[in-house]
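Please consider the structure shown below.

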Amino acid sequence: MQSVYPVLRYPDVRAAVDFLCSAFGLTVRELHELPDGTLVHVELEYAGDLVMLGPGPAPQPRPADDDYRVYLAIDDVDAHHERARAAGAEIVRAPFDTDYGSRDYIARDLSGVVWSFGTYRP
């Protein structure tokens, strides 16, 4: 059972949901919106684990390329990288092998948040 839930804030939550699902393969588990359609809470899922989104400003200042906020363990780094690249994600670092046996890559989402993806599972 998951105990830690990353919470990310975006100025345009709906655009973030669309991007994260398209580029990084997350799926919508739950959406909560106001009567005017503004999304106020979203739960996205990947392989049974959740990340939550809500409204807020983009991270300031822009995080450094190695200052990732989320690490997502995936099975096929190269295919995932290609999906993200094709969806317009800014690739910070192309797939690479680590000295501890993981294959990783790093990308920014549409608000500049840095995500890391790899095969390492603690």
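A search of the whole structure finds seven salt bridges, a salt bridge being a side-chain nitrogen of Lys or Arg within 4 Å of a carboxyl oxygen of Asp or Glu. One of them joins D78 to R103, with the closest N and O atoms 2.9 Å apart. Because D78 belongs to helix α2 (residues 77-86) and R103 to strand β7, this pair ties together parts that are 25 residues apart in sequence. Helices (H or I, at least four residues) and strands (E, at least two) are DSSP runs, numbered from the N terminus.

The model is predicted: local features need pLDDT of at least 70, side-chain atom pairs count only at pLDDT 80 or more, and totals for chains, interfaces and linings use all residues. Residues are numbered from 1 along each chain as its sequence is written, and side-chain values use heavy atoms, with hydrogens and water left out.

Strand β7 also takes part in an open sheet of four strands, ordered β5-β8-β7-β6, with mixed pairing; two strands pair if DSSP finds at least two bridges between them. At the edges stand β5 and β6 (90-97), each with a single partner strand, so one side of each has no neighbour in the sheet. Neighbouring strands here are turned by 15° against each other on average, direction ignored. Axes are lines fitted to C-alpha atoms, for helices over the stretch in contact, and angles run from 0 to 180 degrees between N-to-C directions. Five bridges pair β7 (residues 103-108) with β8 (residues 114-118) in the antiparallel sense; R108 has V114 in β8 as its bridge partner. Helix α1 (residues 13-24) packs on this sheet, touching β7 and β8, and its direction makes about 150° with that of β7. Contact means heavy atoms within 4.5 Å.

A further open sheet of four strands has the order β1-β4-β3-β2, again with mixed pairing. Its edges are β1 (7-10) and β2 (27-33), each with a single partner strand, so one side of each is left without a neighbour in the sheet. The twist averages 20° from one strand to the next. β2 and strand β3 (residues 39-46) run antiparallel, joined by six bridges, and T27 has E45 in β3 as its bridge partner. Helix α1 packs on this sheet as well, touching β1, β2, β3 and β4, and its direction makes about 10° with that of β3.
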